[in-house]
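Please look over this model with me. My comments follow the structure.

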Amino acid sequence: MRKIAVAAFFFGACSAVSAETKPEMTETIRARGEQVAVQYCGACHAIGKTGESANAKAPVFRTILARQPAGAIAEDLREGLLIGHKTMPRIELQPDDVDALMTYLISIQETES
């Protein structure tokens, strides 16, 4: 539940994630984010809690927030992602899909033991 509070902190105005979000709804949003990751990102990035990226230049999602702040990633996604390397496709997501993807990203981040 703490990760969802972190998501709400990063996205302040995010309508999909808030302190009042029911756990079932939060899981639905997280699951939608995982679907978005599979559809748009999974061909190159390792999108789960394990595994290596198919494209060596594509960072694994479980550590991506250590490389770039969540707010910056969300902003890039909202503006139509165009970062990374030359072969990275332009990705245009709906605002709800950006919120869901960010919720998913936060949920899979590795934590220091």
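The numbered points below cover confidence, helix packing and the core.

1. Ground rules. This is a predicted model: local features need pLDDT of at least 70, side-chain atom pairs count only at pLDDT 80 or more, and totals for chains, interfaces and linings use all residues. Residues are numbered from 1 along each chain as its sequence is written, and side-chain values use heavy atoms, with hydrogens and water left out.

2. Confidence. The protein chain has a mean pLDDT (the predictor's confidence in each residue, from 0 to 100) of 80. Of its residues, 74% reach 70 or more. Helices here are DSSP runs (H or I, at least four residues), numbered from the N terminus.

3. A caution. Where pLDDT is low, the predicted coordinates should not be read in detail.

4. Helix packing. Helix H2 (residues 23-40) packs on H5 at an angle of about 95°, with the axes 7 Å apart. Axes are lines fitted to C-alpha atoms over the stretch in contact, and angles run from 0 to 180 degrees between N-to-C directions. H2 and H5 are therefore roughly perpendicular (65 to 115 degrees) to each other. Contact means heavy atoms within 4.5 Å. H2 contributes Ile29, Arg30 and Val36, among others, while the H5 side includes Ala100, Leu101 and Tyr104.

5. Core. The largest nonpolar core has 18 residues. Phe61, Leu77, Leu93, Leu101 and Met102 touch the most other members. H5 gives the most to this core, with six residues. A nonpolar core is a set of buried (under 20% relative accessible area, 1.4 Å probe, protein chains only) Ala, Val, Leu, Ile, Met, Phe, Trp, Tyr and Cys residues joined through side-chain atoms within 4.5 Å.

Notes
Helix = DSSP H or I, 4+ residues; strand = E, 2+ residues; numbered from the N terminus. Parallel < 35°, antiparallel > 145°, perpendicular 65-115°, else oblique. Buried < 20%, exposed > 50% of the residue type's maximum accessible area, 1.4 Å probe, protein only.
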